[in-house]
Amino acid sequence: MTTTTQRLLDLAAAAPARHGEDLVLLLREANELYQQGLEDLHQKAAARLGPLPTSELMLAADAAGMPCDASQDRDEMILLLAVAEWEMTPAAMAYTEMAEDAARRGICLIPEE
């Protein structure tokens, strides 16, 4: 069984050899896996961080480079922490590199207006 991380790494490794519509399809699959991975980590972070006082969440978010303020609710702070943690995973880093490379080659998932 292939994990989200392994599949994202496989897609990132295949991306340089892909072009045009093949690259778009690969990038779409990778984007879905990226979102799934973030959601999975967010759920784990919510379970782990939920009991912490708001002040500790704010300190943790600031330390992670995701500063927040007292106007943000606890769920937002936990999401910020999950994003910071996810962005440091090999899967997320591989996806970011793949998306940046595709963008340099003129491929983007955001439609032009």
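Leaving aside neighbours within four places in sequence, which residues is Met98 in contact with? In this predicted model, where contact means heavy atoms within 4.5 Å, Met98 touches Leu11, Ala12, Ala15, Leu26, Leu27 and Ala30. Residues are numbered from 1 along each chain as its sequence is written, and side-chain values use heavy atoms, with hydrogens and water left out. Because the model is predicted, local features need pLDDT of at least 70 and side-chain atom pairs count only at pLDDT 80 or more, while totals for chains, interfaces and linings use all residues.

The overall architecture comes next. The protein chain holds five helices and zero strands, where helices (H or I, at least four residues) and strands (E, at least two) are DSSP runs numbered from the N terminus. Read from that end, the order of elements is α-α-α-α-α. The C-alpha trace spans about 50 × 40 × 20 Å along its principal axes. Of the contacts in the protein chain with a separation of 6 or more, 61% are accounted for by residues 24 or more positions apart.

Attention now turns to the interior. Among the 113 residues of the protein chain, 32% count as buried; buried means under 20% relative accessible area, exposed over 50%, and partly exposed in between, with a 1.4 Å probe and protein chains only. In soluble globular proteins, nonpolar side chains tend to be buried together. A nonpolar core is here a set of buried Ala, Val, Leu, Ile, Met, Phe, Trp, Tyr and Cys residues joined through side-chain atoms within 4.5 Å. The largest one has 33 residues, of which Leu8, Trp86, Tyr95 and Met98 touch the most other members. Two or more residues come from each of helix H1 (4–14), H2, helix H3 (54–63), H4 and H5, and H2 gives the most, with 11 residues.

Rings of Phe, Tyr and Trp (its six-membered ring) pair if their centres lie within 6.5 Å; planes under 30 degrees apart count as stacked, over 60 as edge-to-face and the rest as tilted. By this rule there are two aromatic pairs. The rings of Tyr34 and Trp86 have centres 5.6 Å apart and planes at 65°, so this pair is edge-to-face. Because Tyr34 lies in helix H2 (residues 20–49) and Trp86 in helix H4 (residues 74–86), the pair ties together parts that are 52 residues apart in sequence. Tyr34 is buried at 11% relative accessibility, and Trp86 is buried at 5%. With ring centres 4.8 Å apart and planes at 35°, Tyr34 and Tyr95 form a tilted pair. Tyr95 lies in helix H5 (residues 90–104), so its pairing with Tyr34 in H2 ties together parts that are 61 residues apart in sequence. Tyr95 is likewise buried, at 11% relative accessibility.

Pro16, in the loop between H1 and H2, counts as exposed at 52% relative accessibility.
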